[in-house]
Amino acid sequence: MSADSTPGHGPLAAHYAAQATRAPASMDAFWMPFTANRQFKASPRLLASAEGMYYKTVDGREVLDGTAGLWCCNAGHARPRIIEAVRQQIGTLDFAPNFSMSSPLPFVLAERLAELAPGNLNHVFYANSGSEAVDSALKMAIAYHRARGEGQRVRLIGREKGYHGVGFGGISLGGLPNNRKWFGTGLPGVDHMRHTLDIGRNSFSRGLPEYGIELAEDLERLVTLHDASTIAAVIVEPISGSAGVVLPPDGYLKRIRELCTRHGILLIFDEVITGFGRIGNAFAAQRFDVLPDMIIAAKGITNGCVPMGAVLASDDVYDAFTHGPDHAIDLFHGYTYSGHPLACAAALATLDTYAEEHLFDKAIELGDYWQEGIHSLKGLPNVIDIRNYGLIGAIELASRPGAPGTRAYDAFTHAFHEGNLLIRVTGDVIALSPPLILQKQHIDRIFQVLADTLRATA
Ligand SMILES: Cc1ncc(COP(=O)(O)O)c(C=O)c1O
């Protein structure tokens, strides 16, 4: 191999590196997701590179990452093990089918994930995103009951303010009006419990809110309405992120588990943002000591660097599908890229990095400092609530009359351009989810910039 063809060197590498780090000549063709395209393209924010806790923009500014990308890069950016594993894998086996064929890594990774998962969640089904994993879990739930002779259990229960991605299953079970109203009526046979955000009773809670366990009884109400015999599964995020960080009241998730068990309903935890150390432990299920029948994972599974989603299913769920003749396919479901070798390599190196650096402990170790930092913003202009758990935080702002969302959006652009800090906003909530490698000085900086921002954009 000549020096020029060594990965990462030579004219080809230079060509691709230049292309990826300069502002593009035209921005017309890329229809950006969840973005006001015309507004963005008139005033773009382009990231060129990333390392550790920081992004670098195409114009050379260093921006502190307060959101782990999009709740994905829990180990921070440009982590050596992950780079090495992906580089090695792409040059060895770029793709292998997983329909009646496979390669070693999906199996190795599944064992690792099953070890990390709580209880008997010993079986891993791969997807390529949170949305696909959500649809996979919902389909499995319905098929599970059918496989056990309860084919009438087809109803699915979600929750208001829930976010489960953007597939038809996810938007139907989710409870964010803008994500639903444009796209028809969604899946039939779906109902929703009430959400648990109650600023009136729980404002400025530190950790889990005290009030609201009774909201779990909403499930009993829906069981009474529809009859348990028609309900396949309940899906909830242990902590929802996209609705602006909604925390479960103390005891709420345990009560939901009890009701599901009593009525033979599967409980699915969508842990796309709570998985992989975000609140301590591998999964929120462990932190909250509640064992669901399935966990949906994505984002932090590969530290965000290669798309991957997964459903972690219990022995009971898996076993229901594996009673047929040996030659029969157990689940008529799967994606071309389920268990993609590159994603598996990235995930294995990601899990190694988490373990080596004890990153799942960070949310516990730094949780109090983080909590003090975020609550120091109480009293600043327009702050009507602050919520935190693990290394998650939310600052809710009073909306401008007639212009909801604009106040937080102004804070977002101000923090990015003036404070060199990346935050995320949904509606008028500022949501924070930094990489777990952050240190106290980063926490200080995040809340200093935010304090300045909230004053400047009042
Ligand atoms: C809880 C939850 N579920 C599902 C998804 C969808 O994941 P993806 O965007 O990878 O499809 C998200 C994404 O933010 C999420 O937060």
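The legends below describe close-up views of a predicted model.

**View 1. Residues surrounding the ligand.** The ligand is surrounded by S129, G130, S131, Y163, H164, G165, E237, S242, D270, V272, I273 and K299. By residue class, this shell divides into three nonpolar, six polar and three charged residues.

View 2. An oxygen atom of the ligand lies 2.6 Å from a polar side-chain atom of S131. The side chain of K299 places an N or O atom 3.0 Å from an oxygen atom of the ligand. Taken alone, the ligand exposes 390 Å², and the protein buries 83% of that area.

**View 3. A nonpolar patch on the surface.** The patch is formed by F168, W182 and F183, which together have about 430 Å² of accessible area. F168 is located in helix α7, which covers residues 168-173. Because its relative accessible area is 54%, F168 is classed as exposed.

**View 4. Two residues with positive phi.** F204 is a residue other than glycine with a positive phi, near 55°. F204 belongs to the loop between α9 (199-202) and α10 (217-226). With a relative accessible area of 19%, F204 is buried, the cut-off for this class being under 20%. H358, also a residue other than glycine, has a positive phi near 50°. The loop that holds H358 runs between α14 (341-356) and α15 (362-365).

**View 5. The salt bridge between D289 and K254.** The closest N and O atoms of D289 and K254 are 3.4 Å apart in this salt bridge. The pair links distant parts of the chain, 35 residues apart: D289 is in the loop between α12 (284-287) and β9 (294-297), whereas K254 is in helix α11 (residues 252-263). D289 is exposed, at a relative accessible area of 58%, and K254 is partly exposed, at 39%.

View 6. The side chains of R387 and D385 meet in a salt bridge with an N to O distance of 2.7 Å. R387 counts as buried at 6% relative accessibility, and D385 counts as buried at 2%. In the salt bridge between the side chains of R148 and E150, the N to O distance is 3.5 Å. R148 is partly exposed, with a relative accessible area of 45%, and E150 is partly exposed, with 24%.

**View 7. A network of salt bridges.** The side chains shown are those of R81, R112, D352 and E356, which are linked in a network of salt bridges. The count of salt bridges in the model comes to 21.

View 8. E111 lies in helix α5, which covers residues 104-116, and counts as exposed at 54% relative accessibility. The C-alpha atoms of E111 and V124 are separated by 8.4 Å, the two residues being 13 residues apart along the chain. D218 lies in helix α10 and counts as buried at 3% relative accessibility. A distance of 9.3 Å separates the C-alpha atoms of D218 and I256, which are 38 residues apart along the chain.

Key:
Residues numbered from 1 in each chain as written. Predicted model: local features only at pLDDT ≥ 70, side-chain atom pairs only at ≥ 80, totals over all residues. Heavy atoms only, no water. Near = heavy atom within 4 Å. Polar contact = N/O pair within 3.5 Å; in protein donor to acceptor, adjacent residues only side chain to side chain. Areas by Shrake-Rupley, 256 points an atom, 1.4 Å probe, with all protein chains shown as cover. Nonpolar A, V, L, I, M, F, W, Y, C, P; charged D, E, K, R; others polar. Patch = residues over 30% accessible without salt bridge, like charges linked within 9 Å, V, L, I, M, F, W, Y side chains within 5 Å. Salt bridge = Lys/Arg side-chain N within 4 Å of Asp/Glu carboxyl O. Helix = DSSP H or I, 4+ residues; strand = E, 2+ residues; numbered from the N terminus. Buried < 20%, exposed > 50% of the residue type's maximum accessible area, 1.4 Å probe, protein only.
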